[in-house]
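Dear colleague,

Please find the structure handed over to you below. The findings follow it, grouped by topic.

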Amino acid sequence: MNRFILRQSLLLFLTAVIWGVAFVAQSAGMDYVGPFTYNGVRCILGGLVLLPCILLLDRLQGGKKEEQETNETARNGRQLLTGGLCCGVILFVASNLQQIGIQYTSVGKAGFLTAIYILLVPVMGLFVHKKVGIKVWIGVAFAVCGLYLLCMTNGLNLERGDALVLACAVVFSLHILVIDYFSPKVDGVRMSCIQFWVCGILSLLCSLLFEQPDVGGILAAWQPICYGGVMSCGVAYTLQIVGQKDMNPTVASLILSLESVVSVVAGFLILHQTMSGRELSGCCLMVVAIVLAQLPDRSNQRMADKE
């Protein structure tokens, strides 16, 4: 594994850690506000957090961007806006399906069903000519088994909340593929900022239509909202976009699926929930899946050596 792949993998793993802990924040936030209100406020907060980051990065880069040709800058700007809008709309659908579904199902089931995107990403990738090696497919199988042992302690019964979260997994898999398409072409931090503003505005509009948001409830939920906005949105989703650049989307989805493992660990450390032998076995299978998927394919390595 070269340094670039290792760095990208670590960025995606850090994303999974932040998202795993965010399950606790999402659950706590629902005690005070509705799902659209929670997602709307946290996404707007995430977009605000990234604005000074963009200004700082521009200052550090100096005048490099001024040396680019005008037509190339305009083309990149159009791609940036298109990518941000697409990611924002998809994130709006996926995050709100998840947030609404959590109200009607357990966190364990939500974690398992959301992480089904690790199976959906390579399947969807076949339609856009994303080839997947046999080791990655075996890793996906290990990961699905690990997630089942980790999260589905009482069997799998698909109910209303489960169906919503399963639909969320389908949309999240599309989100990963869209990021995979746009991230090599545009500035990742800017695209992340745009997607949060789009998702936040759409969520707040829905909160006005379907909920009764009030300032008191938002202030009461300031801790989970701040974590969801600053860490889960501002930091984690930006790390996802940067970390996915030039990474196989299936391998990226496998690493990101570790959020389910982290959520169990977070429940143990923060909520003092114990882990059973079944759950520990699931965690071990997840680790095996990630390692297996990261192993280089011999045939690809031979072709690289010949070149």
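**Cysteines**

The sulfur of C233 lies 4.0 Å from the closest cysteine sulfur, which belongs to C43, and this is too far for a bond. A disulfide is here a pair of cysteine sulfur atoms within 2.5 Å, and by this rule the count comes to 0. For C193, the closest cysteine sulfur is that of C53, at 9.1 Å, again too far for a bond. C233 is buried at 1% relative accessibility, and C193 is buried as well, with a relative accessible area of 6%. Buried means under 20% relative accessible area, exposed over 50%, and partly exposed in between, computed with a 1.4 Å probe on protein chains only.

**Basis of the model**

Please note that this is a predicted model, in which local features need a pLDDT of at least 70 and side-chain atom pairs count only at pLDDT 80 or more, while totals for chains, interfaces and linings use all residues. Residues are numbered from 1 along each chain as its sequence is written, and side-chain values use heavy atoms, with hydrogens and water left out.

**Overall organisation**

The protein contains 14 helices and 0 strands. Helices (H or I, at least four residues) and strands (E, at least two) are DSSP runs, numbered from the N terminus. Of the 307 residues, 47% count as buried. Contact means heavy atoms within 4.5 Å. Among contacts between residues at least 6 apart in sequence, 92% join residues at least 24 apart.

Helix α6 covers residues 134–151, which makes 18 residues. From its first C-alpha to its last, α6 reaches 26 Å, close to the 26 Å expected at 1.5 Å a residue; the expected span is 1.5 Å times one less than the number of residues. Buried in α6 are V136, G139, V140, A143, G146, L147, L150 and C151. Why do they lie on the same side of α6? They cover an arc of only 130° around the axis, where the arc is that of the directions from the helix axis to the C-beta atoms.

In helix α5 (residues 117–125), the buried residues are Y117, I118, V121, P122 and G125. Viewed down the axis of α5, they fall within an arc of 135°, so they line one face of the helix.

**Aromatic rings**

The structure holds 4 aromatic pairs. Rings of Phe, Tyr and Trp (its six-membered ring) pair if their centres lie within 6.5 Å; planes under 30 degrees apart count as stacked, over 60 as edge-to-face and the rest as tilted. One of the pairs is W19 with Y237: the ring centres are 4.8 Å apart and the planes stand at 55°, so this pair is tilted. The pair links distant parts of the chain, since W19 is in helix α1 (residues 3–29) and Y237 is in helix α10, 218 residues apart. Both W19 and Y237 are buried. The pair of F36 and F210 is likewise tilted, because the centres are 6.1 Å apart and the planes at 35°. This pair also links distant parts of the chain: F36 lies in helix α2 (residues 35–61) and F210 in helix α8 (residues 188–210), 174 residues apart. F36 is buried, with a relative accessible area of 13%, whereas F210 is exposed at 61%. One aromatic cluster is formed by W19, F196 and Y237.

Charges also sit over rings, which is counted when NZ of Lys or CZ of Arg is within 6 Å of the ring centre and within 35 degrees of the ring normal. The charged end of R160 sits over the ring of Y104, 4.3 Å from its centre. K185 lies over the face of Y181, at 4.8 Å from the ring centre.

**Two individual residues**

S232 belongs to helix α10 (residues 222–243) and is buried, at 3% relative accessibility. Which residues does S232 contact, leaving aside its neighbours within four places in sequence? They are I18, W19, A22, R42, Y227 and Y237.

V89 belongs to helix α3 (residues 70–102) and is partly exposed, with a relative accessible area of 40%. Leaving aside neighbours within four places in sequence, V89 is in contact with V198 and L202. V89 and H175 are 86 residues apart in sequence and, C-alpha to C-alpha, 9.4 Å apart in space.

With kind regards
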